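The sequence and structure are shown first.

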Amino acid sequence: MARKRAFILAALGAPFALLAVPGVAQASLDMLDTLDRGEWELRFRDGGNVRKICLRTGREFLQLRHPGTNCNRFVVENSASDVTVQYTCRGNGYGRTHIRKESTGLVQIDGQGIAGGKPFQFTAEARQMGRCN
């Protein structure tokens with residue numbers, strides 16, 4: 001009887017356990033909070049254009065190919081020096097970004113995924129340059 005009751009409780013609780021996963025997936029990204037705020041310069045390793053970003057929270061680095069898009073994120077790694085996040089932008093692709101902190105003003109970023117129906121992959125270095133304009 002106790003085994004049957006445990007099985008029923010587990011079966012009823014399973015859907016609620018799935019609902020709890022997004023809370024875990026949205027874990028705090030402490031390393032990004034330690035980065036210097038202000039204007040950052042991104043230099044892509046493929047020789048592409050230099051891009052400037054005004055960093056307010058550190059999360060601006062997570063979706064470089066999907067900026068301003070509301071995407072679901074899943075934190076894969078969150079340590080003092082590394083953050084890896086996978087994200088899905090409903091109807092607009094997905095991506096995976098890895099950020100490695102060298103200092104509070106210098107990070108290395110690797111990204112890959114699909115944006116606008118086309119695959120992308122990049123490696124970039126970002127440096128804090130000063131205050132945002």
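## Disulfides

A disulfide is taken here as a pair of cysteine sulfur atoms within 2.5 Å. The model is predicted, and it holds two disulfides. With bonded cysteines counted along the chain, the disulfides follow the pattern 1-4, 2-3.

The link of Cys54 and Cys132 is right-handed, with 105° about the S-S bond. Cys54 has a relative accessible area of 25% and is therefore partly exposed. Cys132 is also partly exposed, with a relative accessible area of 29%.

A disulfide also joins Cys71 to Cys89, again with S to S 1.9 Å. Cys71 lies in the loop between E2 and strand E3 (72-78) and Cys89 in strand E4, so the pair ties together parts that are 18 residues apart in sequence. The torsion about the S-S bond of Cys71 and Cys89 is about 95°, so this disulfide is right-handed. Both Cys71 and Cys89 are buried.

## Nonpolar core

The largest nonpolar core has 25 residues, of which Leu32, Leu35, Leu42, Phe61, Ile99, Val107 and Ile109 touch the most other members. Two or more residues of this core come from each of helix H2 (30-33) and the strands E1 (38-44), E2 (50-55), E4 (82-89), E6 (106-115) and E7 (118-130).

Which residues does Ile99 contact, leaving aside its neighbours within four places in sequence? Ile99 is in contact with Met31, Leu32, Phe61, Leu62, Ser81, Asp82, Val83, Val107, Gln108 and Ile109. Among these contacts, Leu32, Phe61, Val107 and Ile109 are also listed with Ile99 as touching the most other core members.

## Thr84 in strand E4

Thr84 is found in strand E4. With a relative accessible area of 4%, Thr84 is buried, because buried means under 20%.

Leaving aside neighbours within four places in sequence, Thr84 is in contact with Phe74, Val75, Val76 and Glu77, and also with Arg96, Thr97 and His98.

## Largest pocket

The volume of the largest pocket is about 160 Å³. Its lining consists of Arg51, Ile53, Arg59, Glu60, Gln63, Leu64, His66, Pro67, Gly68, Thr69 and Arg73. By residue type, the lining of this pocket divides into three nonpolar, four polar and four charged residues.

Technical notes
Residues numbered from 1 in each chain as written. Predicted model: local features only at pLDDT ≥ 70, side-chain atom pairs only at ≥ 80, totals over all residues. Heavy atoms only, no water. Core = buried A, V, L, I, M, F, W, Y, C linked by side-chain atoms within 4.5 Å. Buried < 20%, exposed > 50% of the residue type's maximum accessible area, 1.4 Å probe, protein only. Helix = DSSP H or I, 4+ residues; strand = E, 2+ residues; numbered from the N terminus. Contact = heavy atoms within 4.5 Å. 1 Å grid on protein atoms, 1.4 Å probe; cavity = no way out; pocket = protein on both sides within 12 Å on 5 of 7 lines; lining within 4 Å. Points joined across faces, edges and corners; volume = space filled by probe spheres on them. Nonpolar A, V, L, I, M, F, W, Y, C, P; charged D, E, K, R; others polar.
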